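The stops below are given in the order in which they may be selected.

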Amino acid sequence: PEAKKTKISKSYSAVDERVKVSGWIHRLRSSKNHVFIVLRDGTGYLQAVLTGDLALAYQTTTLTIESTVTLFGKICKLPDGKTASGGVELLVDYYEIVSLAPSGEDAYTNKVAEGADPSLLLDQRHLALRGETLSAVMKVRASLLRSIRRFYDEESITEVTPPCMVQTQVEGGSTLFKLDYYGEEAFLTQSSQLYLETCLASLGDVYCIQESFRAEKSHTRRHLSEYTHIEAELCFLDFDEMLVHIEKLISRVVQYVLEDPIAGPLVKQLNPGFQAPTLPFMRLDYKDAITWLNEHGIENEDGEQFKFGDDIAEAAERKMTDTIGVPIFLTRFPVEIKSFYMKRCPDAPHVTESVDVLMPNVGEITGGSMRIETTEELEAGFAREGIATDPYYWFIDQRKYGTCPHGGYGIGTERILAWLCDRFTVRDCSLYPRFTGRCKP
Ligand code: 4AD
Ligand code: MG
């Protein structure tokens, strides 16, 4: 009889039909009269059984894990309570081997053995990605990015694609990757913020999803050398309105991912305790955070009491966030520890209209601020950081030709994903993570 060609996720609803499915052998088990295969094709997993002559034929061809096959047969509904994927099973009546994967020493399971040295596993990332956990995180990642775009679309915010090769810095010269651009010095972008700002007058509110690059020397759980940066820039709004926008974005995007029929169940599987955050997020002024840290005996990087003006580094920030246990808007950082473009608070000019969004288990997932509106103030900001202004003529022009109140933020995709999927490190949330010493595969 005819067989309908189908992907695995579609096969679950093809009960009693004869289908043709192609994929990779994810799991394999055989008894005397049966061969059980779990087939994988990226859309799902399908349990398949070979019986009788087919099972005997298998004994002679010796299938292996990660071999590619095409299976033909009838989809049967399993009795309730049987938990195989989709609640169905494929009764194979014919199969073709597309390609046999190696057995023995070179077998897939030896290459990505559980408990292997993490750096060996990273060398085998192309194979490790086939594993259930990593592929689940990648599915959630796709859903997250889709949900982000959906949110921006609903809010009439336009997507743009700024350049990756630039001649300006945004977040400090020490983490710039330099490159030789036809004999001129150029950098890989640290943030598309400055370019987004130039789009306001032409497109209104804008966003981009673009790779950012940081030459971060330190090995930490949450720093990558290349990461996917979700950035937005919004005009004619004030700081409080921007905070409301950010919390709305996070809560709606989480809702979309949880409602997604594929990603939702994967989040529950990866992060069983996950609870969607409730609005409004807690607001915590930097100066009150300093008090909080001291009251809780958490010390700064020099092992001393925190004082106003200290950077709240990763370890302290995480301790505070984990103890408080809910999302936090940490606001109003001192001018000296923030970037040249940040607007000062009208009521307290030594601090800025800035925010970091902190999540339990990860810490900072988002950084944002209102931006300086006048040329004079901006030039003072450049001077404070010792940045030559020439390469920024186009950015300064924004203040000259119709300046306006505006602000924006950047979300680290791998960081928000680490929070959502409860991953120990952002490395598990990137397809091919780049960090100090790692640029392959
Ligand atoms: O706080 P950052 O450095 O802020 C900016 O780049 C602003 N110019 C963004 C803007 O306002 N448009 O970076 C923003 C976010 C951080 O909160 C973090 O989630 C992520 O980007 N991030 C990194 N993620 C992984 N590895 C790194 N090395 C990261 N550096 C920043
Ligand atoms: Mg930051």
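For helix packing, axes are lines fitted to C-alpha atoms, for helices over the stretch in contact, and angles run from 0 to 180 degrees between N-to-C directions. Helices (H or I, at least four residues) and strands (E, at least two) are DSSP runs, numbered from the N terminus. The model is predicted: local features need pLDDT of at least 70, side-chain atom pairs count only at pLDDT 80 or more, and totals for chains, interfaces and linings use all residues. Residues are numbered from 1 along each chain as its sequence is written, while chains are lettered from A and ligands numbered from 1 in the order in which they are written.

**The helix pair.** Select residues 239–259, helix 8, together with residues 263–270, helix 9. Their axes are 5 Å apart and the packing angle is about 100°. Helix 8 and helix 9 are therefore roughly perpendicular to each other (angles of 65 to 115 degrees; under 35 is roughly parallel, over 145 roughly antiparallel and the rest oblique). Next, display Val257, Leu258 and Glu259 of helix 8 with Ala263, Gly264 and Val267 of helix 9, which make the contact (C-beta atoms, placed from the backbone, within 7 Å). By class, this contact has four nonpolar, one polar and one charged residues. Ala, Val, Leu, Ile, Met, Phe, Trp, Tyr, Cys and Pro count as nonpolar, Asp, Glu, Lys and Arg as charged, and the others, Gly among them, as polar.

**Two cis peptide bonds.** Move to the loop between helix 9 and strand 13 (282–285), where Pro280 lies. The bond from Leu279 to Pro280 is cis, with omega near -10°. Then select Lys440 and Pro441, joined by a cis peptide bond with omega of about -5°. Pro441 belongs to the segment after helix 14.

Is Asp422 exposed, partly exposed or buried? Asp422 counts as partly exposed, with 17 C-beta neighbours inside 10 Å. Arg332, in the loop between strand 14 (328–331) and strand 15 (344–345), also has a positive phi of about 55°. Arg332 is buried, with 23 other C-beta atoms within 10 Å (buried means 20 or more, exposed 12 or fewer, partly exposed in between, with C-beta atoms placed from the backbone).

Note on methods
Contact = placed C-beta atoms within 7 Å.
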